[in-house]
Amino acid sequence: MTEIPKCDFHIHTKYLGCANETMEIPAIVQECKRLGVTALGITDHLNSLDKLDLHLLIKKDIQSLAPEIDVYFGVELNFTAADGSFAFSPEVKEQYGFQFAIGGIHGTYLDTYDLKTLVDIQHRHHLITCRDPLVDVLVHPYWFGKGEFEKNGWPWFDSMRAVPEAYARELGQVARETGTAIEINASANLENANYSNRYVKEYVAYLSIIAEEGAGFALGSDAHDIGRLSTIHTAWDVATQLNLTADRIWQPGCKPMVGHEKSGKEQHSSNQCMDHDSDTAAARGG
Ligand SMILES: [Zn+2]
Ligand SMILES: [Zn+2]
């Protein structure tokens, strides 16, 4: 069996105020190298367009490096409302030089608690995300912020058995058809203290159904603290456990912004990635 690529394409920084002070670009790259990562992507949140200029600070720090591992400049998108859109466009992608985008749903969008409605809303947004040609990776399916549940006094989402198998299959099929990778997220789903070991087992079983439908997968730590980058090993372990071959692991379809071959002196236009659905080579790491 071929080894899975040792990548981490979901990492936050201090620049947007989301991750903590330990998450500066040089320290992230150094720690990733120590952990055996060969390619990484910085993906801070873009919840509204007024935050765009903060991403340029990330890009500048990436471009000032000459690392021995490949570093990409990405972005994580969130819905601006239920059934809404992402604060993103081909123009923003081009103008700011984002090399790829990951995205997904980050809330329940529920007024009153109902488990079936909760799952249905998530599933619907997963499919919307996959069908968006600007999104390369669907992030952390069925991750929830526990605070939202506690604040409302709702029962915590503690079992993946609430998700019908048909939803997993449909997501796997749509992901395959659109060339969108499904994320195996270490910090949010696999190594999240809010979830039990049983839940994680159920979660891996859920991923295995998606795998059966032929979808590709992306690997991400979703680290917000330098000490959490090591959780990427769990994502790699799960990919191995799912018997995913290297060609099933998503990587951006373009050269890194800086990396082991290039010094980062290229025009940014040549580092632009193609739409994921216009070239399946992206999913093969071309
Ligand atoms: Zn997220
Ligand atoms: Zn994230």
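1. His140 counts as buried because its relative accessibility is 2% (buried is under 20% relative accessible area, exposed over 50%, partly exposed in between, with a 1.4 Å probe and protein chains only). Its phi is near 25 degrees, a positive value in a residue other than glycine. You'll find His140 in the loop between strand E5 (137–138) and helix H5 (146–152); helices (H or I, at least four residues) and strands (E, at least two) are DSSP runs, numbered from the N terminus.

2. Some ground rules. This is a predicted model, where local features need pLDDT of at least 70, side-chain atom pairs count only at pLDDT 80 or more, and totals for chains, interfaces and linings use all residues. Residues are numbered from 1 along each chain as its sequence is written, chains are lettered from A and ligands numbered from 1 in the order in which they are written, and side-chain values use heavy atoms, with hydrogens and water left out.

3. Asp83 also has a positive phi, near 55 degrees, and isn't a glycine either. Asp83 belongs to the loop between strand E3 (70–78) and helix H3 (90–96). With 43% relative accessibility, Asp83 counts as partly exposed.

4. Now the metal. His10 (NE2), His12 (NE2), Glu76 (OE) and Asp222 (OD) coordinate the zinc ion (ligand 2) at 2.0 to 2.4 Å. Donors here are N, O and S atoms within 2.8 Å of the metal (3.2 Å for Na, K and Ca); water is not among the atoms, so sites may look incomplete. Both His10 and His12 are buried. Along the sequence, the donor residues follow the spacing H-x1-H-x63-E-x145-D.

5. Why is the arrangement around the zinc ion (ligand 2) irregular? Its four donor atoms subtend angles of 78 to 162 degrees, which makes it so. For four donors, tetrahedral needs all angles between 85 and 135 degrees; four count as square planar and six as octahedral if opposite donors are over 155 degrees apart and all others between 65 and 115, and anything else is irregular.

6. Phe79 and Phe86 make a tilted one, 4.4 Å centre to centre with 35 degrees between the planes, and both are buried. Rings of Phe, Tyr and Trp (its six-membered ring) pair if their centres lie within 6.5 Å; planes under 30 degrees apart count as stacked, over 60 as edge-to-face and the rest as tilted.
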